[in-house]
Amino acid sequence: MALKTTDWVFIGLAAASGALCLGTGGWAAVVSALGAAGGLLWIVLPQLVAGLLIGGMIQELVDRDRVTRLLGAQSGMKGLGLAAVAGALTPGGPFTSFPIVYALWTAGADAGALVAYVAAWSTIGIHRLIVWELPFMGADLAVLRYAVSLPLPIIAGLAARWLVRVTRLRVQEATDS
């Protein structure tokens, strides 16, 4: 398994933050930070494993031709709408949603649909409205925030498709390797 550029960036950031931690707090701070990182890993690992399993299962279960037809570049507004609804209905955090995004990407969804999915998941998630916003903000503010956010995933998906089409930005097709 070869490390990618992103891997090296994160390794570099971890090394730099470790050096900064060592320089400002000594070895005790480094040991404390490693303990905190281990605790966070212990909390996050089950969610991460479950999300990766969901992504892997979706990759096996979805029909590439169907995904391309429903969420590909030629799917139009219907594809953006479908992606936005799926994103709004996806519960959980990034360990759930991003493996799904990757699975849809490898199955033929285009950048616009993927951006619409992520934008909907992050701005109009039904679970977030019910569990957090209604109880904490009350119905008036929660419904207002939700209503004004409804068009955002479609706008984001359209903007992504436009940027891919008119700029040098190229979203390469994901590979299953």
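User: How many salt bridges does the count come to?
Analyst: This is a predicted model: local features need pLDDT of at least 70, side-chain atom pairs count only at pLDDT 80 or more, and totals for chains, interfaces and linings use all residues. Residues are numbered from 1 along each chain as its sequence is written, and side-chain values use heavy atoms, with hydrogens and water left out. A salt bridge is a side-chain nitrogen of Lys or Arg within 4 Å of a carboxyl oxygen of Asp or Glu. By this rule the count is two.

User: Which residue forms a salt bridge with D110?
Analyst: The closest N and O atoms of D110 and R161 are 2.8 Å apart, and the two residues form a salt bridge. The pair links distant parts of the chain, 51 residues apart: D110 is in the loop between α4 (94–106) and α5 (111–123), and R161 is in helix α7 (residues 152–166). Helices here are DSSP runs of H or I with at least four residues, strands are runs of E with at least two, and both are numbered from the N terminus. The partner of D110 is therefore R161.

User: Are D110 and R161 buried or exposed?
Analyst: Buried means under 20% relative accessible area, exposed means over 50%, and partly exposed lies in between (1.4 Å probe, protein chains only). On that scale, both D110 and R161 are buried.

User: Which residue meets R145 in a salt bridge?
Analyst: R145 is partly exposed, with a relative accessible area of 23%. E133, in helix α6, has a relative accessible area of 9% and is therefore buried. The N to O distance between the two side chains is 2.9 Å, and the partner of R145 is E133.

User: Which residues is E133 in contact with, leaving aside its neighbours within four places in sequence?
Analyst: Contact means heavy atoms within 4.5 Å. R145, the salt-bridge partner of E133, is one of the residues in contact. With those neighbours left aside, E133 is in contact with R128, G138, A142 and R145.

User: At what angle do α5 and α6 pack?
Analyst: Axes are lines fitted to C-alpha atoms, for helices over the stretch in contact, and angles run from 0 to 180 degrees between N-to-C directions. The axes of α5 and α6 are 12 Å apart, and the angle is about 120°. That makes α5 oblique to α6, since angles under 35 degrees count as roughly parallel, over 145 as roughly antiparallel, 65 to 115 as roughly perpendicular and the rest as oblique. W121, S122 and T123 of α5 make the contact with H127, R128, R145 and S149 of α6, and the packing angle is about 120°.

User: What accessible area does the nonpolar patch on the surface have?
Analyst: Patches are made of residues with over 30% relative accessible area and no salt bridge, with like charges joined within 9 Å and nonpolar side chains (Val, Leu, Ile, Met, Phe, Trp, Tyr) within 5 Å. L134, in helix α6, is partly exposed at 33% relative accessible area and is one of the patch residues. Areas come from the Shrake-Rupley method with a 1.4 Å probe; for residues, only the protein chains shown count as cover. I130, V131, W132, L134, F136, M137, L141, V143, L144 and V148 together have an accessible area of about 1,000 Å².

User: Which residues does A113 touch, not counting those up to four places away in sequence?
Analyst: A113 lies in helix α5 and counts as buried at 2% relative accessibility. Its C-alpha is 15 Å from that of R170, which is 57 residues away in sequence. The residues touched by A113 are L71, G79, L80, A83 and R161.

User: How far apart are the C-alpha atoms of T106 and S32?
Analyst: T106 is in helix α4 and is buried, at 7% relative accessibility. T106 and S32 are 74 residues apart along the chain, and their C-alpha atoms are separated by 39 Å.

User: What percentage of the residues in the chain is buried?
Analyst: The secondary structure comes to seven helices and zero strands, and the C-alpha trace spans about 55 × 45 × 35 Å along its principal axes. The accessible surface is about 11,500 Å², with 73% of it belonging to carbon and sulfur atoms. Of the 177 residues in the chain, the buried share is 28%.
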